[in-house]
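Trainee: Could you walk me through how to read helix packing, salt bridges and a nonpolar core in a model like this?
Mentor: Gladly, let us look at it together.

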Amino acid sequence: MDAHDLSLDDNRTIQAIGILADVLDGVEGPGGLDTVLVSKALRQVIATKSQPAFEFASRAFNTLEPSVRRQVAETADEAAHHAVELRGRVGGFLSTAVKKPVPQGPVVGQQPNFITALNLRSRRRPNQPS
């Protein structure tokens with residue numbers, strides 16, 4: 001999957017971008033300023049739903065240190081998992097049926113890039129009806 005396969009009109013994509021932005025805001029230590037800048041780029045994507053903004057944010061994310069990208073991807077995956085659990089607990093309220101999760105994720109040893117980090121949101125998330 002690449003940046004052109006994602007729809008910025010899809011609420012799940014926008015939610016995943018928001019989760020990544022929130023996680024990036026929480027990164028401390030070396031590279032913290034860079035992560036804040038990437039977070040701001042992601043929030044611009046949410047605000048504008050612009051493909052050029054998305055491509056800029058993707059390039060910015062990919063400039064982060066590999067260890068930071070890995071940490072962000074793992075933390076975002078956990079945050080997405082918790083969001084799905086919460087949705088499952090209030091599923092009737094949200095009219096969202098909870099279904100069996102579909103395992104997905106990066107190839108072992110692959111450095112997470114922006115698209116990989118976005119895709120991790122669905123690794124333990126139930127399929128949503130189309």
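Trainee: At what angle do α1 and α2 pack, and how far apart are their axes?
Mentor: Axes are lines fitted to C-alpha atoms, for helices over the stretch in contact, and angles run from 0 to 180 degrees between N-to-C directions. Helices (H or I, at least four residues) and strands (E, at least two) are DSSP runs, numbered from the N terminus. Here α1 and α2 pack at about 160°, and their axes are 8 Å apart. This is a predicted model: local features need pLDDT of at least 70, side-chain atom pairs count only at pLDDT 80 or more, and totals for chains, interfaces and linings use all residues. Residues are numbered from 1 along each chain as its sequence is written, and side-chain values use heavy atoms, with hydrogens and water left out.

Trainee: Are α1 and α2 roughly parallel or roughly antiparallel?
Mentor: Angles under 35 degrees count as roughly parallel, over 145 as roughly antiparallel, 65 to 115 as roughly perpendicular and the rest as oblique. α1 and α2 are therefore roughly antiparallel. Their crossing is left-handed, a term used if the near helix is turned anticlockwise from the far one by less than a right angle (right-handed if clockwise).

Trainee: Which residues meet across α1 and α2?
Mentor: Contact means heavy atoms within 4.5 Å. On the α1 side, the residues include I14, I17, L20 and D22, and on the α2 side they include V38, L42, R43 and I46.

Trainee: And how do α2 and α3 cross?
Mentor: Their axes come within 9 Å and cross at roughly 160°. α2 and α3 are therefore roughly antiparallel, and α2 passes α3 in a left-handed crossing. Among the residues that meet are V38, L42 and V45 in α2, with F54, A57 and F61 in α3.

Trainee: How many salt bridges does the structure hold?
Mentor: A salt bridge is a side-chain nitrogen of Lys or Arg within 4 Å of a carboxyl oxygen of Asp or Glu. The structure holds three. In one of them, D22 pairs with R43, with the closest N and O atoms 2.7 Å apart. D22 lies in helix α1 and R43 in helix α2, so this pair ties together parts 21 residues apart in sequence.

Trainee: Which other residue is linked with D22 and R43 in a network of salt bridges?
Mentor: D25 is the other residue in that network. The side chains of R43 and D25 meet at 2.7 Å, N to O. This pair also links distant parts of the chain, with R43 in helix α2 and D25 in helix α1, 18 residues apart.

Trainee: Are these residues buried, exposed or partly exposed?
Mentor: Buried means under 20% relative accessible area, exposed over 50%, and partly exposed in between (1.4 Å probe, protein chains only). D22 is partly exposed at 48%, R43 at 34% and D25 at 39%. Another salt bridge joins the side chains of D10 and R12 (3.9 Å, N to O); D10 is partly exposed at 24%, as is R12 at 27%.

Trainee: Which residues touch the most other members of the largest nonpolar core?
Mentor: In soluble globular proteins, nonpolar side chains tend to be buried together. A nonpolar core is a set of buried Ala, Val, Leu, Ile, Met, Phe, Trp, Tyr and Cys residues joined through side-chain atoms within 4.5 Å. The largest one here has 29 residues, and I17, L42, F54 and V72 touch the most other members. Two or more residues each come from α1 (11–25), α2 (32–48), α3 (51–62), α4 (66–89) and α6 (114–119). The largest share, eight residues, comes from α1.

Trainee: What is V72 in contact with?
Mentor: Leaving aside neighbours within four places in sequence, V72 is in contact with L20, V23, L24, V27 and F61.
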